[in-house]
Amino acid sequence: MNRNHWQPTAEILTLRERAKMLAEVRAFFAERGVMEVDTHCLSHAAVSDPFIDSLEVIYSDHPGGDKHSYYLQSSPEYAMKRLLAADSGPIYQLAKVFRNGEVGRLHNPEFTMLEWYRPRFSAQQLMDEVQALVSVVLGAQHWERLSYRDLFKRFVGVDPHQATIEQLKSLIEPHFECSFTDDRKDTWLELVMSHLIEPKLIEPTLVFDFPASQAGLAELVEDAQGVQVAARFELYAGGMELANGYQELRDPAEQAERLEADDQMRDSLGLPRRPLETRLVSALESGIPACAGVALGFDRLLMIKVGASSIKEVIPFGFERC
Amino acid sequence: MGNVSSGQFKTGMKVMIDGDPCNMVEVEFVKPGKGQAFTRVRLRNLMTGRIWERTFKSNESAETADVMDRDMEYLYSDGEMWHFMEPSTFEQYAADENAVAESAQWLKEGDKVMITLFNDNPIAVTPPNFVELEVTETDPGLKGDTAQGGSKPATLSTGAVVRVPLFINQGEVLKIDTRTGEYVSRA
């Protein structure tokens, strides 16, 4: 091990900005009557999302005893929705979350997620609040707000809901060689989004009405053109994805189906299958208020604030020194 | 040689792409929060020099290429091949015109250079960043002309032609930056 590796990957000056931002976030929510919560990191169940790999942790009753698998949360979403079902009212959390295999300029396997839920808010109202919070941190900016369809039309000239896989491929090929095949249209949409559009979204841009196939845990709605879309939004800024929000799905049967569908997809893609969070289904059965929720990458927001090019510059000890 | 999965790609890694050894100039992990992971790689074909970008899915892999960089001493050119020696083993390697390419104009006998070997054959020659070469031909120096003013061409002992300040004379030894091909100073 290199003798200099005791040193932090972030400048102390940056960590002062980090501390200031934590205080600003807490003040923002205190003023708005949103309660801070800190739910568990370790859970019996893992996230169902096929493309998020949870870190598995071994628990034993005593050293050398029987081993039980637990999972580190990839987001506090399930736990916070269980609190909403228990009538918590509006809540937020600054959570440490964990994602296996995600290391890069914009990724650290452990990072800080700012997640909050607003009963009786629509997705549009929550977007207003995201804009208000980000403006507290970054100051006044020029903001854009447009649908996923309009975003694609503006940057690549196609309607993402109508485009075929072949069309999407032909958008990518002049810029990036891809030798793999994939018959999931979402893979190609994600490629266009992450390779061709996202790097150009420097000013804060809120994108809403995602394809229904990328709903996550958002409700499905019909857009003005009669196309079924997900009531999901994302915030992009500084050429990266910053936040993901939903008009939250509340139908327990639909929730159970989506967990099952994710599990099936994991099976078909040869990905590890993990215990599903069925307690979320039970919580929805008991009833949660109509609400919107959003998760924002705290570290990435700080990157924009201080002008960092890599996430490790804003985390005291990045992955290679943790 | 083994296979390496896209999650393990790193800058500087050498892999086989479509039958040619390639260097990973830049590797970026790209992952939408809710979507598939991709690895975006800027590649340089070590045989042709072509640079392009390729995106790999998380389950893709590539065959590692038997490519290594070795420090060697430049011995001589016989007009067809350029000959180099590994100083520790005295092992000699001969590189052809394709491998030496543009670097030929900076090679001075006895200088240390970096040789890139693919399956133990030289495929690229990288001269030191700075070399010191003698001026064999240039217009006479202008007295009194210092750092200011124009420039003129000068032919160096290796045959390279560089732009030099007007005060430089034939027979002087100059320091040249091989990456830009520009005059730096008198040696």
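**Entry 1: the sheet.** I began with chain B, where six strands make an open sheet in the order β1-β6-β2-β3-β4-β5, paired antiparallel. I took strands as DSSP runs of E of at least two residues, and helices as runs of H or I of at least four, numbered from the N terminus; two strands pair if DSSP finds at least two bridges between them. At the edges I found β1 (3-5) and β5 (51-57) of chain B, each pairing on one side only.

**Entry 2: ground rules.** I noted that this is a predicted model, with local features needing pLDDT of at least 70 and side-chain atom pairs pLDDT 80 or more, while totals for chains, interfaces and linings use all residues. Residues count from 1 along each chain as written, chains are lettered from A, and side-chain values use heavy atoms, without hydrogens and water.

**Entry 3: one strand pair.** I looked at β2 (residues 14-17) and β3 (residues 20-30) of chain B, which pair antiparallel over four bridges. Here Met16(B) stands opposite Pro21(B).

**Entry 4: where the chains meet.** I counted 29 residues of chain A in contact with 19 of chain B, contact meaning heavy atoms within 4.5 Å. How many salt bridges cross this interface? The rule finds five, each a side-chain nitrogen of Lys or Arg within 4 Å of a carboxyl oxygen of Asp or Glu. One salt bridge joins Glu102(A) to Lys31(B), with the closest N and O atoms 3.7 Å apart.
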